[in-house]
Structure formats: C-alpha cells, structure tokens
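Me: I have a model open and want a quick tour of it. Can you walk me through the fold, the packing and a few residues?

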Amino acid sequence: MDTQIEQLNLSSITKFALAYAGITTVSELKEYNYISLANVLPRNCSLNPIMKELNTYCLLYTSDAADDLIGVD
C-alpha cells in the first residue's frame, strides 16, 4: 500500500499545495522534479519552503540534467 501524503509529517501548506496539484500519494511524486512540480503547484504559494521540505524528507527527485550537473549517478 502506498503512503498517503496526508499521513506524512509535512506542513499544512505543503500538504495543501500537493493536494491542489492532485498529488495524494508518495509514489506520485516520482513523476516530478523541481521544475515540473513548480509548474503544477498553486501560483500563490511560496515554492522554496515547499521544495525544501520535500527535499528534507527525500521526497523530491532532481531531473537527469540536474543530476548530471551535480555529479549524481
């Protein structure tokens, strides 16, 4: 069973933003990187704290291009 976003210890702002984008489970985040996620989040949300929080919990993946730039294999 996939973990629901609502079950995670995330801020209410991050949960709201993900729900707005239609992302309700952790596995759905695999489809996104920083840029693609920023394009589906609400325009009135501050992106930096949301992205930072998702990154802290290793829930957001970098794009292949970004991985190449920072040397991730």
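This is a predicted model: local features need pLDDT of at least 70, side-chain atom pairs count only at pLDDT 80 or more; totals for chains, interfaces and linings use all residues.

Me: Fine. How many helices and strands in the protein chain?

Reply: Four helices and zero strands. The pattern along the sequence is α-α-α-α. Helices (H or I, at least four residues) and strands (E, at least two) are DSSP runs, numbered from the N terminus.

Me: What share of the protein chain is buried?

Reply: Buried residues are 32% of the 73 residues. Buried means under 20% relative accessible area, exposed means over 50%, and partly exposed is in between, with a 1.4 Å probe and protein chains only.

Me: And contacts between residues at least 6 apart in sequence: what fraction join residues at least 24 apart?

Reply: 46% of them. Contact means heavy atoms within 4.5 Å.

Me: On to packing. At what angle do helix 1 and helix 3 pack?

Reply: About 95°, with the axes 10 Å apart. Helix 1 covers residues 12-20 and helix 3 covers residues 47-56. Axes are lines fitted to C-alpha atoms, for helices over the stretch in contact, and angles run from 0 to 180 degrees between N-to-C directions.

Me: What do you call that arrangement of helix 1 and helix 3?

Reply: Roughly perpendicular. The classes are: under 35 degrees roughly parallel, over 145 roughly antiparallel, 65 to 115 roughly perpendicular, and the rest oblique.

Me: Which residues of helix 1 and helix 3 make the contact?

Reply: From helix 1, Ile13, Thr14, Ala17 and Leu18. From helix 3, Ile50, Glu53 and Leu54. That contact divides into five nonpolar residues, one polar and one charged. Here Ala, Val, Leu, Ile, Met, Phe, Trp, Tyr, Cys and Pro count as nonpolar, Asp, Glu, Lys and Arg as charged, and the others, Gly among them, as polar.

Me: Thr14: buried or exposed?

Reply: Thr14 is buried, at 1% relative accessible area.

Me: What does the side chain of Thr14 make a polar contact with?

Reply: The side chain of Glu53, at 2.4 Å. A polar contact is a pair of N or O atoms within 3.5 Å; within protein, one must be able to donate a hydrogen and the other to accept it, and residues adjacent in sequence count only if both atoms are side-chain atoms. Leaving aside neighbours within four places in sequence, Thr14 is in contact with Ile50, Glu53 and Leu54.

Me: What about Ala17? Which residues is it in contact with, leaving aside neighbours within four places in sequence?

Reply: Leu41, Pro42, Cys45 and Ile50. Ala17 counts as buried, at 0% relative accessibility. Its C-alpha is 7.4 Å from that of Cys45, 28 residues apart along the chain.

Me: Switching to loops. Where is Arg43?

Reply: In the loop between helix 2 (34-38) and helix 3. Arg43 counts as exposed, at 66% relative accessibility. A polar atom of its side chain lies 3.3 Å from the backbone oxygen of Ala38.

Me: What is the phi of Cys58?

Reply: Positive, about 55°, although Cys58 is not a glycine. Most residues other than glycine have a negative phi. Cys58 sits in the loop between helix 3 and helix 4 (64-70).

Me: Leu59 is in that loop too. Buried or exposed?

Reply: Leu59 is buried, at 12% relative accessible area. Beyond four places in sequence, Leu59 is in contact with Leu8, Leu10, Val26, Leu29 and Leu54. Leu59 and Leu29 are 30 residues apart in sequence and 6.9 Å apart, C-alpha to C-alpha.

Key. Residues are numbered from 1 along each chain as its sequence is written. Side-chain values use heavy atoms; hydrogens and water are left out.
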